[in-house]
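This briefing looks at backbone geometry and at one stretch of surface. Please read the points below alongside the sequence and the model.

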Amino acid sequence: MGGVNAAGRTSGHQSFRRTVIDALPESSRHQTLLGLTSLMQLARRSPDWVNADGSATDAETLLARHQQHVLDHTLIRRLEDERYNEAGIPANRAARLELGEPATVTLRRRQLPERPPQHWQIRELDKRHAEVTLPAGELEVLLPDRREALVRCAGQLPSGFDPTSLYHSVHHPRGLSMAIFGASDCLGQSGFDWQSLADRVDPDEVAVYAGNSIGQLDNEGWGGLLQSYLSGSRVTSKQMPLGYGQMPADFLNAYVLGNVGATGAMQGACASFLYNLRLGVDDIRAGRRRVVLVGSSDAPITPEIIEGFRAMSALADDASLKALDALEVLTDADYQRACRPFARNCGFTIAESAQFLMLMDDSLALETGADILGAVPEVFVNADGNKRSISAPGIGNYITLAKSVALMRDMLGDEAVQQRSHVHAHGTSTPKNRTTESHVLDAVARANGIDAWPVVAIKAYLGHSQGAAGGDQLMSALGSFAHGLLPGIFTLDAVAEDVHAERLEFLREHRQHKSDISFVNAKGFGGNNATAPVISPEVTERLLRQRHGEAAMQRWRQAREAVRDRQAAYESRAQSGDFNPIYHFGKDVLEGPELRVHADRIEIPGYARPVSLKVSNPFGRLDS
């Protein structure tokens, strides 16, 4: 696993540990804070700790100096971009000027309209300047403006962390640079050298399924493209292609993995990560692929996207937060408590995140000594059926969650589901979600004899990262397996009266809990529902032993030692702030003539094995 969100780096469970930092032992808490200090470019270690200015320091001094800054500048907080504060959001306001008499102005020639109005009188002054005489009367203009931000908090990446500074990025949208970092973090944490791993399988037995729910809508992507005419800027050759929603997968194929196997992105609004996870699980179960990289990278914190969600009354804007708590002024502490799943709330908090998982079939995992973090046997997806508003919740989530529980009861038994499972709720912090999702959870709990189902809502810490939200939830579930801790909903002062909670347990405080199963749930705009049952590593090992035998498990444990050594080495470098994202631009480019094409295989230079052309034919054969 790998990535980054408002709580920090995914690998090594850093982001998970940030969300439960108050419940960690002192040594783990200090390690988490030191890792965030280096991630946020406040210090680095090589081999001893040094401050950002290069002066020598030590761990104790760093913690004393930066601990509060790290805590205040991670998770949900006041937007740090000045556009959302005193500077204001750049805008234009349409106006009509009444000229009482003709007016003469001087312009650079390149600033003249391509088709000036016929009643303008234009006189060339020199090669660069022109004089324009405007007749008396009405003149339509756009006046530069600075608009007050109506939403001022978000789940931003930790302050000081800029993925574009870590590799040779050239006008990359933020979401794509986050994808490069996230996939590289995933490969580093895996303990595998990608080339060595890829050499074990046919090139066509690899897949990448990654995308996002919105596309790249900042200036380097479609945002700049769509604004170009009105802002008077020029369209670049990169903005159109880099804006596509499947571009995270394309970037990984072209610049990280050199993948020639399957690729794509399945979009499902807030369920997009789980949709792509389903593609990977289905491919491995069908035997089409042996290793799949699955993920999502969403960077939706832009003025236009924020305003779009605010206009839907979906976001917790400043006015709603003030009304909710009867406040005149919102402080930094108020913004940090903006997201309140299953409590009295007023809307979700937008966020950014990139999350990636490496999936393997069980035989390859055992053969390579993979450090198994858990297992996903299935991902269930269902639509809502008939509805009035396209963005309103519907009935599909009842089916996805009920199927997930039914599968786990069949695989692991009633006791595991009833006593050793928890739910990672979608938990957006909207009034509609708290009622509808809680009813889904409560109804399924009742049907399956669950009396007090622990419910986790990680968006209270991270915000809602749109298509990557399911990844945030799943990575938190893996953290709970590793640490035996469920994150409490710290913004939950009291469960709202309209929440269905008879069979549910909403935890405000972090709690020790041994879970065999985490049900990761998503309820996306438009009726995109998905639930993934995630099985703990301990239970996964029992299932593997049952399937492959103890001798295979012993060989796997022996092979895993070397993998864990490489994982530890990567974690040490990452903790020190030594990041070197994988980005191969223009390396080993192939265009076709280099291939050797045979009737039964295609040999590709640089790939250890050929692509087999022995395809399965379930359709029968006609006799000639």
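S429 counts as buried, because its relative accessibility is 1% (buried means under 20% relative accessible area, exposed over 50%, and partly exposed in between, with a 1.4 Å probe and protein chains only). This is a predicted model, in which local features need pLDDT of at least 70 and side-chain atom pairs count only at pLDDT 80 or more, while totals for chains, interfaces and linings use all residues. Residues are numbered from 1 along each chain as its sequence is written, and side-chain values use heavy atoms, with hydrogens and water left out.

**Backbone geometry**

- Most residues other than glycine have a negative phi, and most peptide bonds are trans.
- S429, although not a glycine, has a positive phi of about 85 degrees, and it sits in the loop between β17 (421-424) and α16 (431-447) (helices are DSSP runs of H or I with at least four residues, strands runs of E with at least two, numbered from the N terminus).
- D588, also not a glycine, has a positive phi near 50 degrees; D588 lies in the loop between α20 (550-575) and β24 (596-597) and counts as exposed because its relative accessibility is 65%.
- S46 and P47 are joined by a cis peptide bond with omega about -10 degrees, and P47 is found in the loop between β3 (43-45) and β4 (49-51).

**Surface**

- L590 lies in the loop between α20 and β24, and it counts as partly exposed because its relative accessibility is 35%.
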